[in-house]
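Student: Can we go through this one together? I'd like to take it piece by piece.

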Amino acid sequence: MTTLRIAGGQVLRPDMTVERADVLVDQDAGEILEVGVEAGVGDELLEADGGLVIPGLVNGHTHVAMTLLRGYADDKPLDAWLQEDIWPVEAELTAEDVRAGAELGIVEMIKSGTTAFSDMYFHVSEIADAVDEAGVRAVLGHTAITVGKDEEGAEADMQESLDVALELDGAADGRISTTFQPHSLTTVGEEYLREFVPRAREAGLPMHFHANETEGEVEPIVDEHGERPLAYADGIGLLSPENFLAHGVHVDDEEIDLLADSGTGVIHCPASNMKLASGMAPVQRMLDAGVTVGLGTDGAASNNDLDMFDEIRDAAMLGKLAADDASAVAAADAVGLATAGSAQALGIDSGRIEPGANADLAVVDLAAPRLTPQHDLVSHLAYAVNGGDVRHTICDGDVLMRDREVLTLYEPRVRDAAAERADALVERAGDE
Ligand SMILES: CSC[C@H]1O[C@@H](n2cnc3c(O)ncnc32)[C@H](O)[C@@H]1O
Ligand SMILES: [Zn+2]
């Protein structure tokens, strides 16, 4: 057994207390072995003096390759943004573009302490290769959209979502798991959901979809099906403990109960919801009802970064505004969304520093003037830390970033390649 000792720091425990401890990791198994001042010596040492060891953050919903479209189209609501700007340029994306965008997004996440992400996109084998090389953990899938397609095209897209999920599950030495992905309840026709959701369930595939993101998405479902979106989703078999939806902004009390009773996870994306003016998710009400709530950035084109510390702060701030209550979505709750909450929704054993859990960790350097004094480190994680404070990132027992240097991907090459591909992509789209 090869071991890594993360030594000299303070550690965030699952109950949100902080204690002085070392963390000993079994690098072969990729698991945490021991947490404590007496933790064994370790074959390799990672200095965490003056730092706080936290679970690697889990970005529960993103479109990682959309880093190429960061800053390409801003200041519009969801529908106009997708239809006028994003979908036309995405139609020009090549597999090589997706690879370059995914690598850029993964570097950004490693640098800001995120060790796992759940993604919805296409050219998924490119994203899987980037994940494999970078050493992070990911829940991947091909997203199917049937609106605007003939029957053959729609069936093929749904089938591809099933096939990709079955093919890539367990890739990258088990760091990749997969989901079946109908894009949303309005962009996939009912007949396709009714055909493919039972097939995905029979194949044992978890499902990931967008739902209840905007008010404008709720109305057509009520008009067409005579019920709210999540009652409709339940009737189709989309609600279950293995499945999770992104957004859940416009959910009423009955839908919150459906989510809690079915065990379906919700990935809250506060920055995207604010930027697209989609609305304010009732996060505190969902937590009070027992819904599993995680946190995600959504794509970099609607955020516009992949820093989960920003997302934690946004979740705490927006949660208070939504509840009209300054005690809502308290610091520890917001940190919990980005760690245990997302991990539970995604079905991965990360997001907690305990023996037996995945050795997915980040070390936050507490030296910045911004982090002084240190009355309450959980408060700092929620309200004052940013991604630039992360010193080391570890996933599956391997050190991916040491002293702010990413070891698995060469950052300057990744940056240059992505910038070049983004420019060429936008030029191609402009020529259409
Ligand atoms: C076909 S891959 C996924 C698809 O989703 C688009 N997308 C990005 N952000 C959002 C969002 O907030 N709601 C719905 N769809 C979104 C992305 O551009 C891809 O086309
Ligand atoms: Zn999304």
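Student: Which domains is the chain divided into?
Tutor: Keep in mind that this is a predicted model. The chain is split into domain 1 (3–55 + 353–406) and domain 2 (57–346).

Student: How many Å separate their centres?
Tutor: The centres of domain 1 and domain 2 are 28 Å apart, taken over C-alpha atoms.

Student: And how many residues of each are in contact?
Tutor: On the domain 1 side there are 22 residues, in contact with 25 residues of domain 2.

Student: Which elements give two or more residues to the domain 1 side?
Tutor: They are β18 (361–365), α13 (377–383), β19 (390–395) and β20 (398–402). Helix α13 gives the most, with five residues.

Student: New topic. Which residues come nearest to ligand 1?
Tutor: Ile86, Met120, Tyr121, Thr143 and His210 come nearest, out of 17 residues around ligand 1.

Student: Which element gives the largest share of that shell?
Tutor: Helix α1 (residues 78–90) does, with four residues. By type, the shell around ligand 1 holds seven nonpolar, seven polar and three charged residues.

Student: Where does UniProt place the feature "binding site"?
Tutor: The unreviewed UniProt entry puts it at Glu90, His183, Glu213 and Asp298.

Student: Let's take glutamate 90. Buried or exposed?
Tutor: Glutamate 90 counts as buried, because it has 21 C-beta neighbours inside 10 Å, and the cut-off for buried is 20 or more. Glutamate 90 sits in helix α1.

Student: And where does histidine 183 lie?
Tutor: Histidine 183 is in the loop between β13 (181–182) and α5 (190–202). It is partly exposed, with 18 other C-beta atoms within 10 Å.

Student: What is histidine 183 in contact with, leaving aside its neighbours within four places in sequence?
Tutor: Its contacts are then Thr143, Ala144, Ile145, Val188, Phe209 and His210.

Student: On to helix α6. Which residues are buried there?
Tutor: In α6 (residues 215–225), Glu217, Val218 and Ile221 are buried. Seen down the axis of α6, the buried residues fall within an arc of 100°, so they line one face of the helix.

Student: What does the face turned away from the buried side carry?
Tutor: That face of α6 carries the exposed residues Glu215, Pro220 and Asp223. As for the buried residues of α6, what covers them includes α7 (229–236).

Student: What follows α6?
Tutor: Glycine 226 does, and its phi is positive, near 70°.

Student: Histidine 247 is a residue other than glycine. What is its phi?
Tutor: Phi of histidine 247 is near 95°, a positive value. Histidine 247 is in strand β15 (residues 244–247). It counts as buried, because it has 27 C-beta neighbours inside 10 Å.

Student: What about aspartate 403, buried or exposed?
Tutor: Aspartate 403 counts as exposed, with 12 C-beta neighbours inside 10 Å. It has a positive phi of about 45° although it is not a glycine. Aspartate 403 lies in the loop between β20 and β21 (405–406).

Student: Last one. What joins asparagine 303 and asparagine 304?
Tutor: A cis peptide bond, with omega about 10°. The peptide bond from threonine 372 to proline 373 is cis too, with omega near -5°. Proline 373 is in the loop between β18 and α13.

Definitions and conventions. Residues numbered from 1 in each chain as written. Chains lettered and ligands numbered in written order. Predicted model: local features only at pLDDT ≥ 70, side-chain atom pairs only at ≥ 80, totals over all residues. Near = placed C-beta within 6 Å. Nonpolar A, V, L, I, M, F, W, Y, C, P; charged D, E, K, R; others polar. Arc of directions from axis to C-beta. Contact = placed C-beta atoms within 7 Å. Domains from an automatic or database assignment. UniProt positions renumbered as here; feature names shortened; annotations may be inferred.
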